[in-house]
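Grab your viewer and work through a few exercises on side-chain packing and pairing. Each one has a task and then a worked solution.

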Amino acid sequence: DLSGVGIPATLFDIEQIEVLRGPQGVAYGANALAGLIAVRSRAPTERFEAQLQADAGDYGLLGLGAVVSGPLAGSIDGAYRLVAQRQRSNGFRRNRFLGRNDTNDLDETTLRGRLRLAAGENLTADLIAFWVDTDNGYDAFSIDNSRVTLSDKPGRDAQRSFGASARLDYGGWRWATLRSVSAVADSQIDYAFDGDWGNDVAWGENGPYDFTSEFARQRRSLSQDIRLSSAPTSLLDWTVGAYALRLTEEGTQLDRYNGDTFRDLSSDYRAVNTALYGELSYDWRADTTVSLGARAERRQAQYRDSDGEALAPTESLWGASATLRRAWGPQRTVYATVGRGYKAGGFNIGAAIPLAEREYTAEYLDSAEVGLRTSGLEGRLSGSVAVFWMERRDQQVESSTQLVLGDPLSFVYFTDNAARGRNRGVEAALDWRLTPRWSLGGSAGLLQATYRN
């Protein structure tokens, strides 16, 4: 789970990216309120293979990546996959004051390894580890909203992240299979920028006018998911599971004006989530399937900072889903689904954040969707249409304000709760296979999203 850090999900040697619409809270919990992006890396192969990729482009783009995959040597039943890539670029900004074009540069290194083992007749293990180092510059703000900057102290957007997980699958029982997923992640994040976007020469008679801001975060997570699922031969498909997550984040913020420190904050944030969940799928008739799911989660959090603020909220959250799917003839399927998702509350961390805005509460989302999937012309024509409606309560929204006139570092972004929100729309897609080698496809979508009350 890379919520809150994001960058380690680099895309070299990725099998596929899944975008799941609507609440995914039953299976994934609080970080899948209205959808989920799942990035799946390529699995180890049973036969040896190797790949080398070189990249070159404008803006100084250079990259080199390598992949090696194959079976383990000796008597061990398993396979491995090793991935390495480094990519560099000058970025897409030019700093006119410093005469440089690399102040918003990219320098990213990815190392990833996967190991699949058959630990016994009924036990398999899938081990994954990654290390991602992104040492990027940050010089994106320009006074005239162009790609030309005037900053005299460009910042940086760097992150060093390590993560590992172990998935164990046991299928030695006739009636069920057992899966355990353990994961750990550690991210060190550094972010700094030129708060006045310029230099004393550019500001002229308004100078000296020199603001800088630096943020450092250390984010660690440890999670365990264990689930019991029905055997593939069961008439009734079911899953029950338990989940626990421990998250800690330590942060500092240092703001300077004309070289002198005028704002300094250290914070400590800890949260523990525990959850129980279950899903059930039943073939009501030969052409009709009913699926039900529910999840209950409890979150205990603590926040302290050097300004003396101390908060310790506890939240009980729940989500659910119900789906009815029917085969309407041999080539059409209709479905209807309703669901409830949730997103836990949290804290706005920063020296300039007003005390009243330090904490925000949980958000809930209720959704409904009706859809049709169909095909024709002996499978050469296929299409789908879906209509959806989502109502959000205590919606978490990004807000911003400048608190002090003349102090650009008091311009803060923070999360707040709006009263309600609504998303509704329709999506449709059509694919026509003209010949065995040629196909024609198209899609259309309409979305209306509003804040209410």
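This is a predicted model: local features need pLDDT of at least 70, side-chain atom pairs count only at pLDDT 80 or more; totals for chains, interfaces and linings use all residues.

**Exercise 1: aromatic pairs**

Task: count the ring pairs, then classify Phe 141 with Trp 197 and Tyr 209 with Phe 211.

Solution. 
- Step 1, the rule. Rings of Phe, Tyr and Trp (its six-membered ring) pair if their centres lie within 6.5 Å; planes under 30 degrees apart are stacked, over 60 edge-to-face, and the rest tilted.
- Step 3, the Phe 141 and Trp 197 pair. With centres 5.0 Å apart and 15 degrees between the planes, these two are stacked. They link distant parts of the chain, 56 residues apart: Phe 141 is in the loop between strand S8 (123–138) and strand S9 (148–149), and Trp 197 is in the loop between strand S11 (176–194) and helix H2 (200–203). Helices (H or I, at least four residues) and strands (E, at least two) are DSSP runs, numbered from the N terminus.
- Step 4, exposure. Buried means under 20% relative accessible area, exposed over 50%, and partly exposed in between (1.4 Å probe, protein chains only). Phe 141, at 25%, is therefore partly exposed, and Trp 197, at 32%, is partly exposed too.
- Step 5, Tyr 209 and Phe 211. Their ring centres are 5.2 Å apart and the planes sit at 75 degrees, so call this pair edge-to-face. Phe 211 is buried because its relative accessibility is 4%.
- Step 6, the cluster. Ring pairs join Phe 141 and Trp 197 with Tyr 138, Tyr 191, Phe 193 and Phe 215.

**Exercise 2: salt bridges**

Solution. 
- Step 1, the rule. A salt bridge is a side-chain nitrogen of Lys or Arg within 4 Å of a carboxyl oxygen of Asp or Glu. Searching the whole structure turns up 34 salt bridges.
- Step 2, the pair itself. Arg 81 and Asp 13 meet at 2.8 Å, N to O. Arg 81 belongs to strand S5 (residues 78–89) and Asp 13 to the segment before S1, so the bridge ties together parts 68 residues apart in sequence. Both Arg 81 and Asp 13 are buried.
- Step 3, another pair. Asp 169 and Arg 179 meet at 2.6 Å, N to O. Asp 169 is in strand S10 (residues 155–170) and Arg 179 in strand S11, so here the parts are 10 residues apart. Asp 169 is buried at 18%, whereas Arg 179 is partly exposed at 31%.
- Step 4, the network. Shared partners join Asp 13, Glu 15, Arg 42, Glu 49 and Arg 81 into one salt-bridge network.
- Step 5, a look at Glu 15. This residue lies in strand S1 (residues 14–21). Leaving out neighbours within four places in sequence, Glu 15 contacts (heavy atoms within 4.5 Å) Arg 40, Ser 41 and Arg 42. Glu 15 and Arg 40 are 25 residues apart in sequence but 5.6 Å apart in space, C-alpha to C-alpha.

**Exercise 3: nonpolar core and patch**

Task: which residues make up the largest nonpolar core, and which make the nonpolar surface patch?

Solution. 
- Step 1, the core. A nonpolar core is a set of buried Ala, Val, Leu, Ile, Met, Phe, Trp, Tyr and Cys residues joined through side-chain atoms within 4.5 Å. The largest has seven residues: Leu 247, Tyr 269, Ala 271, Ala 301, Tyr 303, Leu 311 and Phe 347. Strands S14 (260–285) and S15 (288–305) are the elements giving two or more residues to this core.
- Step 2, the patch. Patches use residues with over 30% relative accessible area (Shrake-Rupley, 1.4 Å probe) and no salt bridge, with like charges joined within 9 Å and nonpolar side chains (Val, Leu, Ile, Met, Phe, Trp, Tyr) within 5 Å. Leu 236, Leu 280, Tyr 282, Trp 284, Leu 292 and Leu 324 make a nonpolar one of about 580 Å².
- Step 3, the contributor. S14 gives the most to the patch, three residues. Leu 280 sits in strand S14 and is partly exposed, at 35%.

Terms used: Residues are numbered from 1 along each chain as its sequence is written. Side-chain values use heavy atoms; hydrogens and water are left out.
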